[in-house]
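I opened this notebook to record what I looked up in the structure, entry by entry.

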Amino acid sequence: MPPTDRYTFPRRLRRRQFLQVAASATLSSIALEGCGWTLAEVRPKPRSPDSAKAASKQLYIYTWSSYTDQPLLERFAKETGIKAIADVFDSNEAMLARLQAGGGGAYSIIYPSDYMVDKMVELNLLTPLDFSRITGINQLLPRFQNPAYDPGNRHSVPLSWGTTGLIYNTKKLKQAPEDWDYLWQHQQELSQRMTLLSDVREVMGAVLKMLGYSYNSTNVQQVQQAYEKLVELKPSVASFTTDAWRDQMLSGDLLLAMCYSSDANEVIGENEDLQYVLPKSGSSFWMDTLAIPKTASNIEGAYDWINFMLQPDVAAQICERLSFATPNKVAFNKLSSKVQSNQNLFPPESELKLCEGIAPVGDFSEVYDNYWTKLTSA
């Protein structure tokens, strides 16, 4: 996936820089580990508006840390007259926990990933969508119109998608990685100079895939095999992190990192020696969505936000500015040829066929969690 095919995105603020800019803001209840920060209006736990009129002019959003920026919020306000205020979360589980604990009652739009949509529907936490109030959902590419995690998009609207893979330094590694087993084959060379994601399902899933199993295996023996392989690798892993690898890759301290395609795509723009690879045995195919929680306080505003984000030019700008692949076919056609041909964002179908979405595994998640605790605490 040649770096020359990459469209150059403006650099977004790193978490450290964000805190320097907004040090006076109170960020209680917001976890700081994430996929990178953007300079949007971020505030602590929202308070209930004093009146219905005030509520209709404000929209509280609970989103991933890199999914909004100030230009996006300002354009929404200009077009709708509604002020959108974004709080951020660092994981689907953190978002779910806050909503279940009653701390998310003011949020009218949330950004759950595919498997979390399935889980939240089961928990009766999401509002069924009224398609008579939505414009543009028919513009989605066919693969996103009837997803397994939410048949018929009944409770969610696909917003962005990507894959999980490896970013590496082409100048410092003698041989380029092609698959997950590269980590074991070159363990000595990579010792303390590689990182894995801080995500049990992604890490365990990648090893399961390498072993020829499903990313979503519910076979105890298979998961144990994956755990044992990770035990072999752990002494050489510098850390389990979703975000901290970025600066370390740019500085040359790391040779390789497991990461999300959108993050890799952004970082590659800052160092032409870095390259992203989607492992040939397969990986995860993830989707982040827009959904309306049952506790939403501004339903009208929520639909306004969904319709706004479905506008092709808005979706295209997000793809180019924030480095996320769009599922909107009309938006895709608006992208420059450089972005359209960027295989970091839009890998070929032959590679996507080998990828799986992370699916809920019910009570079996305890098996994953137990092995993960043993691995990371040892």
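Entry 1, overall make-up. I counted 17 helices and nine strands in the protein, taking helices (H or I, at least four residues) and strands (E, at least two) as DSSP runs numbered from the N terminus. I note that this is a predicted model, in which local features need pLDDT of at least 70 and side-chain atom pairs count only at pLDDT 80 or more, while totals for chains, interfaces and linings use all residues. Residues are numbered from 1 along each chain as its sequence is written, and side-chain values use heavy atoms, with hydrogens and water left out.

Of the 378 residues, 55% count as buried, where buried means under 20% relative accessible area, exposed over 50% and partly exposed in between, with a 1.4 Å probe and protein chains only. The protein exposes about 15,600 Å², of which carbon and sulfur atoms supply 49%; the areas come from the Shrake-Rupley method with a 1.4 Å probe, and for residues only the protein chains shown count as cover. Among contacts (heavy atoms within 4.5 Å) with a separation of 6 or more, 75% are between residues 24 or more positions apart.

I found 12 salt bridges, each defined as a side-chain nitrogen of Lys or Arg within 4 Å of a carboxyl oxygen of Asp or Glu. One of them joins D313 to R75, with the closest N and O atoms 2.6 Å apart. Because D313 lies in helix α13 (residues 312-322) and R75 in helix α3 (residues 70-80), this pair ties together parts that are 238 residues apart in sequence. Both partners are partly exposed, D313 at 28% relative accessibility and R75 at 23%.

I next looked at K280 and E178, whose side chains meet in a salt bridge at 3.5 Å, N to O. K280 is in the loop between β8 (274-277) and β9 (285-290) and E178 in the loop between β4 (157-169) and α6 (182-185), so the pair ties together parts 102 residues apart in sequence. K280 counts as exposed, at 54% relative accessibility.

The bridge between K229 and E232, with its closest N and O atoms 3.8 Å apart, is set within helix α9 (residues 220-233), where the two residues are three apart, about one turn of the helix. I also noted a network of salt bridges that links D243, R246, D263 and E266.

What is the nearest side chain of opposite charge to D114, which is buried yet has no salt bridge? It is R201, 9.2 Å away, with Lys and Arg counted as positive, Asp and Glu as negative, and His and the chain ends not counted. D114 is in helix α5 (residues 114-122) and, leaving aside residues up to four places away in sequence, touches Y149, F285, W286, M287, G357 and I358.

L250 and N271 are 21 residues apart in sequence but 6.6 Å apart in space, C-alpha to C-alpha. Beyond residues up to four places away in sequence, L250 touches V267, E270, N271 and L274.
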